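Hello,

Here is the structure for your files. Please open it alongside this message.

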Amino acid sequence: MCGRFTLRTPAKEIAQLFDVTVPDFDPRYNIAPSQDVAAVRFSPEKEKREFVFLQWNLVPFWADEPKTKYSLINARAETVAEKRSFREAFRKRRCLILADGFYEWQKRDGKKQPYFMHMKDDRPFAFAGLWEHWHGDDEELESCTIIVTEANELLKPIHDRMPVILDTDDYDLWLDPKLGDKQRLQELLRPYSSEEMEAYPVSTLVNKPQNDMEKCVKPVEE
C-alpha cells in the first residue's frame, strides 16, 4: 500500500516538468490520507493539463455522503478496472499524483521500521491516480486514490506492495480521457524499475501525520 509520501520539489520546477501552472506551496515531508495532495489531470474544457489539489481518500460519485468508514486511499492494480468504487474513474478520470518520495514500514521483531523510498537523483515523479467529483445538496468534493501494485526488487524486503510510478513517456496516455482500452491501461500499472531508486530507514517521527518536517526524510541507523 501507500500511506505516506512527500513533495519537497519547488512549485516552479513542478510547473516546468509537468507543463502546468502551479501556485506556490510549502514543501511537504509527511503527506497523509484525508489531506489535500497535488495532482495533474487533463481538462477537456481547457483542452490541456491542469494542476489541482484533491483530497486523498476517494469518495465515489454515488456515495450517500462525503465521509465514509471505508478507506479508499489505494486501489489495487489487479482489480481497479472492475471494483465498483474505482471502475468509472478508471475509465474516465485518471490523474497524476505528484510526489518525490514515499514511505513504507517493514515489520521487524514485532515492530515496524519506516523506510523512505525515492529516486537516486531525488527527482519528482507521478503516481498513477484516479479522481472523483462528489456532490450533495450543498456540498462538493474532489478526491483521489493512488493505485498500488506488487513491489519491485528494492522494496520486496520491506513491503510486498508499492505505488504505481508512471514513466514520463506514459503521462499523456494515462491522462487521455478518451482512452478506454483497459488492457493498454493495465500495462502501465507495473512496478517501477528498482535500479533508479534507493531506500533507507528513517525515524519513527513519520508515524504521526502532524510531524511534517525535514527530519522525517533524514536517514537513521538501523
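What follows covers the aromatic rings and the charges over them.

This is a predicted model: local features need pLDDT of at least 70, side-chain atom pairs count only at pLDDT 80 or more, and totals for chains, interfaces and linings use all residues. Residues are numbered from 1 along each chain as its sequence is written, and side-chain values use heavy atoms, with hydrogens and water left out.

Aromatic pairs first. Rings of Phe, Tyr and Trp (its six-membered ring) pair if their centres lie within 6.5 Å; planes under 30 degrees apart are stacked, over 60 edge-to-face, the rest tilted. By this rule there are ten aromatic pairs. Phe90 and Trp174 are edge-to-face, because their centres are 6.1 Å apart and their planes stand at 65°. Phe90 is in helix H2 (residues 87-92) and Trp174 in helix H3 (residues 171-175), so this pair ties together parts 84 residues apart in sequence. Helices are DSSP runs of H or I, at least four residues; strands are runs of E, at least two; both are numbered from the N terminus.

Phe90 is buried at 1% relative accessibility. Trp174 is buried too, at 0%. Buried means under 20% relative accessible area (1.4 Å probe, protein chains only).

Phe102 and Phe127 also pair edge-to-face, at 6.0 Å between centres and 70° between planes. Both residues are buried.

Now the charges. One sits over a ring if NZ of Lys or CZ of Arg is within 6 Å of the ring centre and within 35 degrees of the ring normal. Arg41 lies over Trp131 at 4.2 Å from the ring centre. Arg84 lies over Trp62 at 3.7 Å.

Best wishes

Notes. Buried means under 20% relative accessible area, exposed over 50%, partly exposed in between (1.4 Å probe, protein chains only).
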